[in-house]
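Dear colleague,

Please find the structure below. I would be grateful if you would read it alongside the notes that follow.

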Amino acid sequence: MIVTSQTNNVLGSTSGRWRVWSLSDGYIEMPADLLRDPQDNPVPQAALAGALRLSVNCFALAGPGVDGVLIDSGGGGWAPTVGRLEQAMAEAKIDPASITVLALTHAHQDHVHGLLTPDGRVLFPNLKAIVISEAAVGSFFVYAHLAQFRPLLKPVQNGDQVGERLRAVALPGHAAGHTGYHVRHGRGPFPILRGHRSCAGLAVRQSRVQLGL
């Protein structure tokens, strides 16, 4: 991928005929001792770090057969350190009204609450579909303040096509229905867009924390 632009909250890049924007919604901090290794054991060195700061990112896509797609919506008004997506989209010159499909990696607060801005406005007025793993639908329904978006839910399973060149990929382990999205662009490997970047070989244990990744 070739980086084409960068601001405080946006990293724009291209790969072939595809354009991808990484949009910062802010960050969250968690106790570092929640880190687990691949065998789900505590990581002794983590306690020395105190707090773990995790960036909250969303991804906008544009390419052949796929346009107006956003991966995750950030945290909205859930926490004071998130809810910057609208600002990031302005920096990227992306109109929120152009987003018609929201593809969720999972249904934790920092990925779905951004459907509403911190002051309670609907951020994507022309949204037509919210792609979500079948296993994550129940988690979405927990948020009563997002009830107006339930009719837009489009449940998918591993391997389902989201768009002409966009496919859902199951990434089990972190949250119910955790899903990434693979772009097929015909020019070699393309990253699976999956929300937070992970520490190599480590993960935050879902059962120990409510805010998650």
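Which residues does Leu-70 touch, not counting residues up to four places away in sequence? Leu-70 touches Leu-23, Cys-58, Phe-59, Ala-60, Leu-85, Ile-99, Val-101, Leu-102, Ala-103 and Phe-124, where a contact means heavy atoms within 4.5 Å.

This is a predicted model, in which local features need pLDDT of at least 70 and side-chain atom pairs count only at pLDDT 80 or more, while totals for chains, interfaces and linings use all residues. Residues are numbered from 1 along each chain as its sequence is written, and side-chain values use heavy atoms, with hydrogens and water left out.

**Confidence**

The predictor's confidence in each residue is given as pLDDT, from 0 to 100. The protein chain has an average pLDDT of 85, and 86% of its residues score at least 70. Strand β9 (residues 153–156) has the highest mean, 98, and strand β14 (residues 203–204) the lowest, 40. Over residues 197–213, pLDDT stays under 50. Where pLDDT is low, the predicted coordinates should not be read in detail.

**Cores**

A nonpolar core is a set of buried Ala, Val, Leu, Ile, Met, Phe, Trp, Tyr and Cys residues joined through side-chain atoms within 4.5 Å; buried means under 20% relative accessible area, exposed over 50% and partly exposed in between, with a 1.4 Å probe and protein chains only. The largest such core has 31 residues, of which Leu-23, Leu-70, Leu-115, Phe-124 and Phe-140 touch the most other members. At least two residues of this core come from each of β3 (18–31), β5, α2 (85–91), β8 (129–133) and α4 (137–141). Another core, of 16 residues, lies apart from it and includes Val-66, Val-69, Val-101 and Ala-168.

**Strands**

Helices (H or I, at least four residues) and strands (E, at least two) are DSSP runs, numbered from the N terminus; two strands pair if DSSP finds at least two bridges between them. Eight strands form an open sheet with mixed pairing, in the order β1-β2-β3-β5-β6-β7-β8-β9. Because β1 (2–6) and β9 stand at the edges with a single partner strand each, one side of each is left without a neighbour in the sheet.

Within this sheet, β5 (residues 51–63) and β6 (residues 66–71) run antiparallel and are joined by four bridges; Leu-61 has Val-69 in β6 as its bridge partner. Elsewhere, β10 (residues 161–163) pairs with β11 (residues 166–170) in the antiparallel sense, and a hairpin joins them through two residues.
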